[in-house]
Amino acid sequence: MSLREAGVILIDCVHATPAAEPFGYPYIAIPDMKDGRIDFSKARRISEIDFEKWTTKARPRRHDVVLSRRTNPGVTATVGEECAFALGQNLVLLRADGSRVLPEFLKWLVAGPDWWAQISKFLNVGAVFDSLKCADVPRFQVPIPPRHEQQRIVSILGALDDKIDLNRRMNETLEAMARALFKDWFVDFGPTRAKMEGRAPYLASDLWALFPDRLDDDGKPEGWEVSSIGEEIRVAGGSTPRTTEPAYWDGDIAWATPKDLSRLDAPVLFETERLITHAGLSQISSGLLPKGTVLLSSRAPIGYVAITEIPVAVNQGFIGMVCEGRLSNVFCWLWTIFRMDEIKQRANGSTFLEISKSNFRPIPVTVASRRILFAFDQMVRPLFTRIAHNEDESRTLAATRDLLLPKLMSGEIRVRDAEKMVEPAL
């Protein structure tokens with residue numbers, strides 16, 4: 001039946017953009033929709049007055065679905081516990097009244113192949129962008145399972161989503177712990193400053209003894225060195241094999257672009273959108289970068305950072321950091337995050353900003369003693385290993401969910417059989 005017949009209504013947004021404020025309510029735009037959820041971390045903020053105006057008609061509720069009509073037409077994100085936000089332009093709300101579609105089932109109704117078939121049917125192809133008309137969306141024809149089946153499907157797929165979300169939140173905590181430790185030791189020089197101020201030790205005694213008692217005239221712990229990142233690691237770039245040469249593409253070698261990093265929830269790369277052949281790899285002077293390489297997107301935009309868990313070739317939008325000396329890859333990952341402002345300041349370009357390898361290599365890095373670097377690596381590497389494990393598990397869970405969804409919606413797999421399939425994963 002149609003969405004309208006199923007009791008799913010469409011609520012349009014305000015067709016204007018409010019002024020941005022340093023603080024206030026989130027104003028959710030298309031880029032803030034990621035993997036079926038709303039990412040509030042980088043959303044612009046608006047005033048309370050504008051929030052009330054922009055939500056008079058379209059005030060989100062839990063289980064509503066936010067739908068993008070332009071740029072990425074058909075992409076959706078589900079409203080969770082956080083409902084106090086305003087819709088950006090070209091976004092609409094879908095809301096189930098519960099008569100035919102359970103509100104919590106709506107997110108799955110708009111995620112399967114039947115949904116995307118309707119997107120293709122009603123898509124308006126434009127010269128600048130494709131779009132969907134508000135009047136067309138309620139006409140979408142989708143299969144509606146009985147309500148009791150909807151509840152069981154929600155239970156199965158929701159359990160997988162909950163585990164993925166738990167892993168994501170755990171990874172955010174683990175990354176915050178790694179950042180905090182790096183900042184204390186190598187940015188704020190916390191242990192040395194604490195010793196100078198006569199404060200009590202806050203590290204184990206063997207670790208505490210490794211840190212100098214004073215800062216030198218340059219403001220760094222006494223005995224530590226100032227080097228450059230280019231002297232400590234191998235800096236590599238990349239390129240793109242000719243796209244018109246079929247022999248270079250669709251092989252079995254991972255080839256990354258910054259777009260691959262833009263999709264990551266965690267700073268670890270397991271796969272790439274495109275693959276090249278050995279002939280394609282021969283066109284890239286840097287060759288295949290080893291597992292463990294730190295990747296920094298160097299253009300459009302500058303700032304995505306991840307450690308690759310696979311050997312990978314990269315395009316010209318990267319600086320690859322191969323850490324074969326005294327600085328480990330987890331150190332360089334965190335160093336890059338904390339030096340990002342300086343990295344961006346060294347960028348130049350007429351069409352878009354880019355940090356070149358020659359401008360990147362001289363960036364200074366303060367190098368502690370080998371014993372401190374080793375101790376730091378021993379503490380942080382298990383955190384990163386856990387992040388990588390959680391991310392890999394989430395990829396498997398997501399693949400299971402995406403496999404089951406169309407089969408459950410079509411009845412190809414019975415609900416009781418799906419429950420048995422997901423039980424080991426949970």
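This short talk concerns the aromatic rings of the structure shown above.

Good morning. Please note that we are looking at a predicted model. A pair of aromatic rings is described by the distance of the centres and the angle of the planes.

How many aromatic pairs does the structure hold? The count is 21. One of them joins tryptophan 185 to phenylalanine 186, with 6.1 Å from centre to centre and 70° between the planes. This arrangement is edge-to-face, because planes over 60 degrees apart are classed in that way.

Are these two residues buried or exposed? Tryptophan 185 has a relative accessible area of 1% and is buried. Phenylalanine 186, at 8%, is buried as well. Each counts as buried because the limit is under 20% relative accessible area.

Phenylalanine 186 also pairs with phenylalanine 376, again edge-to-face, at 5.0 Å between centres and 85° between planes. Where in the chain do these partners lie? Phenylalanine 186 belongs to helix H4, residues 147-187, and phenylalanine 376 to helix H13, residues 370-410. The two are 190 residues apart, and their pair links distant parts of the chain. Phenylalanine 376 is likewise buried, with 1% relative accessibility.

Let us now widen the view. Ring pairs connect a cluster whose members include Trp185, Phe186 and Phe376. Among the others are Phe182, Phe189, Phe211 and Trp224.

Finally, I turn to a contact between a charge and a ring. Arginine 274 places its charged end over the ring of tryptophan 249, 4.0 Å from the ring centre. Thank you for your attention.

Conventions. Residues are numbered from 1 along each chain as its sequence is written. This is a predicted model: local features need pLDDT of at least 70, side-chain atom pairs count only at pLDDT 80 or more; totals for chains, interfaces and linings use all residues. Side-chain values use heavy atoms; hydrogens and water are left out. Rings of Phe, Tyr and Trp (its six-membered ring) pair if their centres lie within 6.5 Å; planes under 30 degrees apart count as stacked, over 60 as edge-to-face and the rest as tilted. Buried means under 20% relative accessible area, exposed over 50%, partly exposed in between (1.4 Å probe, protein chains only). Helices (H or I, at least four residues) and strands (E, at least two) are DSSP runs, numbered from the N terminus. A charge sits over a ring if NZ of Lys or CZ of Arg is within 6 Å of the ring centre and within 35 degrees of the ring normal.
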